[in-house]
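Me: Could you walk me through reading a structure like this one? I'd like the general idea each time, then the case at hand.

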Amino acid sequence: MKGNWFHQRSILPGFWPSLGVSMLYLSLVVLVPLSAIFLKSATVSWADFWAAISSPAALASYKLSFGASFGAALVNALFGFLVAWVLARYHFPGKRFVDALIDLPFALPTAVAGIALTSLYSENGWIGRRLVPLGIHVAFTPLGVLVALVFIGLPFVVRSVQPVLEDADLELEDAAASLGANRWQTFIKVIFPAVRPALLTGFAMAFARALGEYGSVVFISGNMPLRTQITPVLIVSRLMQFDYAGAAALAVVMLVASFALLLLINIAGSYSRRYMEAR
Amino acid sequence: MNGRAASKDPAVLQWALTLAALAFLAVFVVLPLINIFGQAFEKGWQTYVAALTDPDALSAIRLTLLATGTAVACNLAFGIAAAWAIAKFQFRGKNILITLIDLPFAVSPVIAGLIYVLIFGAQGWMGEWLDAHDIHIIFAVPGIVLATTFVTFPFVARELIPLMQSQGTEEEEAALSLGAGGWQVLWRVTIPNIKWSLLYGVVLCTARAMGEFGAVSVVSGHIRGLTNTMPLQVEVLYNEYNFTAAFAVASLLALLALASLTAKTLLEFQMRRAAAEQAVEGNPEA
Amino acid sequence: MKLGMSDRSEQPISEPARQPGAAPVLWSSTRPASGTSGAAPGPVSIEARHIHKTFGRYTALQDVSLTVNDGELLALLGPSGSGKTTLLRVIAGLESPDPHSESRLIFAGRDVTGEDVGQRRVGFVFQHYALFRNMTVFENIAFGLRVRPRKQRPSPASIRDKVRELLALIQLESLADRYPTQLSGGQRQRVALARALAIEPKVLLLDEPFGALDAKVRQGLRRWLRRLHDTVHVTSLLVTHDQEEALEVADRIVVMNHARIEQAGTPEDVFHRPASEFVMDFMGSVNLFHGRIEGGKAVFGPLALDHAGAGAVDGQTARLFVRPYDLHIDRRNTGKPSLRARVQRIQAAGPQVRVELQAETGEAVVVEIPHPQFRETAIAPGDEVFVALRDAKVFTEDYSI
């Protein structure tokens, strides 16, 4: 009973059953359905495919989806870092409660978040009624999409950066201070570089999440074609018109973007792990 | 945590940063949450209860529970099987398998719904065959269960795999040497050792399944009383401008979210405690 | 790092509790006590024939054959990587040997080569205990009995009695409801032992059971294990890299190196009549001299030793191994074969005096002498002395004398 090419024999039972069941389930639920997207797109000619993914509506939706997602991820990178900093280093009453609250956007159903944000920022909403007189319209504008994406991306940056800040080696800061660095210099030269990989990872995850987001955006955006329509909404509208190939084509674009981001996240993740290990 | 660090930054700066962070959280997280309940109770308690006991609302609740229960059960069984294969054995392609398991995370919910439409929809691969046999998947309950299963696919497996990998195989070998059979080993030795992470994965999986909107929206067809889950019901009511009822159902979902957050925090505490004990065990002093 | 439980401090471990009555009641079949001399004739408990095991390109066991007599405690001794743990696990059934036409594993006449670990009725004690962390001490010990198929399972009452007996045997009755993380290392090891004994195994296999413990605890437990073995009389196979442990505890020792067995014999055999350089070097500290065979004698500088070695050929290189306490230091040449040497360093703090010298042949020599002798000869660093041999072994190329 030697180890063969594929796996090493072990006395623990159940290898083939557990692997077999897992692979079967994975294929049926995930792999085969996902392949349907690419197979469907392959049935149309390259010209049709190109037309579907580069129509004016599609291009406008990319601009909005990618643009708002990027912007929201930036906002989250800045404020998420601030929140993580405060949680990791300072003490204040109710801190544990606040810490638990960070995960709310992650736990709250997207539709619930969607209607809550819409009603909040619409003309009669608690925030909306104060902004509209100032000329700031949030609901039913790209700005509203940004706000919604900030909401749902918040936990990613915080939870990515927080553990790194908590584990930070304070001795390095002491050393910098003893060498004459002021607080700002210590931050820029010592603390921030250590946190940068985690911040990048959090940014990428928030970006990826925002790209695919549907439920929280679809209410506040108003879904006006060419103006406030995100790509997922465009996909749904193609579906409703039974343009399966068109929907699949747009889906291919989104999937490629998501997978590329996933790759980036994994690379950034191993980068930060190597950095940590070097210490 | 870092009391020393706190004393480094000038107190003024500390307060300024803390207030800024809290203000940001208040605007972006707390206000929306309060708004939900505010809107739900705007017309009083009676209206609230009436909204929740409406037959369509009740059937939405039932459907949500059914889809969630099925999805969680299937993904739980899968998670244990996959974690067992990955953590207790050596084989090629393990990393590829782990990456594949994470795939649903990278897929937009709308696409998750789309893929099942492409297969089971009227014009999909199996559309004609299903029609001929009068089986309905899209625009019916099975489709909703499928879509929910897809989006919550990795949750349990992701929690179990690293933990089981770090626990190794010694206890299982010991159990086998004492005469236990395979299922006895799994039930009596392996699962008790992973119980907190298992529960954690189930909580995450359940919360996500209940709240899923995009994927289910695509496959459901929005048929009131039949293929509406709670989030879909919220959308339907909102689009009819029945705001109070929409927020009433939404408030129920929000309460569920808060409950799962609490369960999550408690479980994280247990998991950290179990991990600390395991670290001690690895270094028996005398 | 103590966990702060008050009765986790090590109690002095006295003898394992003896059961009332002559024969130990823990075992269904009584067995005569094995003889105290090593090579006990009689029924053979384990026979391993021609075992090979490779892991990829690494050979862990190379054609290993071993016999374990009924009721004896046999130590598998060797450095890490020698294959001893692999052999133990193959015997247990936790690893499978490479398929080979002559490979066999036989327990008391029964061919178990194809049986899996659960069927072999072996009690395995792991180096890191492998206690079930989510079960109490009681539940851990009862485990092997509780998982038996219904027909063979004892009643809950008899399981309870059995576990209590074992707890008394390992002297941990008060800790029955504790969890493994609440126990000290020595206590955990005793629980692991009790757990293995609970299933009344035909063979007890211990994988470096005391490796992870403090020196003091290790010594106490080692003696305790021997006394337990004398009480319970189950055939035991102990893997260790500590030759002191093997010498103290075992009826017979099997020395292994590089996937092969170097020597099998009683502790006296292995220590005083080592079959190879490796065994001699491994079993204790040793002085090494290089020389050659000339004119039928083994020549090391001024020393010419008769040696009745078969096959010793002139010109062969020879190596002389001497234990530090088999050397004698004199100020004058007493006529015995000796080497001139200069004293380099003297360490008088210890049970014996340790003298480091530089021999005229260039080798460094270490001699251990008792304190009275040291005071008599009154040597000091820098002195020129004569070092005489009392007993030594000469090994040539592949042969030993």
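Reply: Leaving out residues up to four places away in sequence, C:Val355 touches C:Ile329, C:Val343, C:Ile346, C:Val367 and C:Ile369. Touching, or being in contact, means that the C-beta atoms of two residues, placed from the backbone, lie within 7 Å. Before we go on: this is a predicted model, where local features need pLDDT of at least 70 and side-chain atom pairs count only at pLDDT 80 or more, while totals for chains, interfaces and linings use all residues. Residues are numbered from 1 along each chain as its sequence is written, and chains are lettered from A and ligands numbered from 1 in the order in which they are written.

Me: Is C:Val355 buried or exposed, and why?

Reply: The test is a neighbour count: 20 or more other C-beta atoms within 10 Å of a residue's own make it buried, 12 or fewer exposed, and anything in between partly exposed, again with C-beta atoms placed from the backbone. C:Val355 is buried because it has 27 C-beta neighbours inside 10 Å. For a sense of scale, C:Pro97 is 258 residues away from C:Val355 in sequence and 48 Å away in space, C-alpha to C-alpha.

Me: Which strand holds C:Val355, and how do I read its pairing?

Reply: In general, strands of a sheet pair through backbone hydrogen bonds, parallel or antiparallel. Strands here are DSSP runs of E, at least two residues, and helices are runs of H or I, at least four, numbered from the N terminus. C:Val355 sits in strand β17 of chain C. Two strands count as paired if DSSP finds at least two bridges between them; β16 (residues 338-347) and β17 (residues 353-359) of chain C pair in the antiparallel sense over six bridges. In one of these, C:Val355 of β17(C) is the partner of C:Ile346.

Me: What is the strand order of the whole sheet?

Reply: It's an open sheet of five strands in chain C, ordered β15-β19-β16-β17-β18, with antiparallel pairing. β15 (327-330) and β18 (364-369) of chain C are the edge strands, each pairing on one side only. From one strand to the next, the twist averages 45 degrees. Angles run from 0 to 180 degrees between N-to-C directions, and axes are lines fitted to C-alpha atoms, for helices over the stretch in contact.

Me: How many helices and strands do chains C and A have?

Reply: Chain C has nine helices and 21 strands, whereas chain A has 13 helices and zero strands. Buried residues are 40% of the 401 in chain C and 48% of the 279 in chain A.

Me: At what angle do helices α9 and α10 of chain A cross?

Reply: Two packed helices are described by the angle between their axes and the distance between the axes. α9 (residues 170-178) and α10 (residues 183-212) of chain A cross at roughly 140 degrees, with axes that come within 10 Å. At the crossing, A:Leu172, A:Glu173, A:Ala176 and A:Ala177 of α9(A) meet A:Thr186, A:Val190 and A:Ile191 of α10(A). By class, that gives five nonpolar residues, one polar and one charged. Nonpolar covers Ala, Val, Leu, Ile, Met, Phe, Trp, Tyr, Cys and Pro; charged covers Asp, Glu, Lys and Arg; the others, Gly among them, are polar.

Me: How many residues do chains A and B bring to their contact?

Reply: Chain A brings 79 residues and chain B 76. On chain A's side, helix α1 (residues 15-42) gives the largest share, 14 residues. That side splits into 61 nonpolar, twelve polar and six charged residues.

Me: And how many for chains C and B?

Reply: There, 31 residues of chain C contact 20 of chain B. The residues on chain C's side are 17 nonpolar, eight polar and six charged. Seven of the ten residues of α2(C) are buried, including C:Ile141 and C:Phe143. The buried residues of α2(C) pack against α10 (170-177) of chain B, along with α3 (156-169) and α4 of chain C.

Me: Which residues have the most contacts inside the largest nonpolar core?

Reply: A nonpolar core is a set of buried Ala, Val, Leu, Ile, Met, Phe, Trp, Tyr and Cys residues joined through C-beta atoms within 7 Å. The largest has 175 residues, and A:Val112, B:Leu114, B:Val249 and B:Ala250 have the most contacts inside it. A second, separate core has 91 residues, among them C:Phe210 and C:Leu225.
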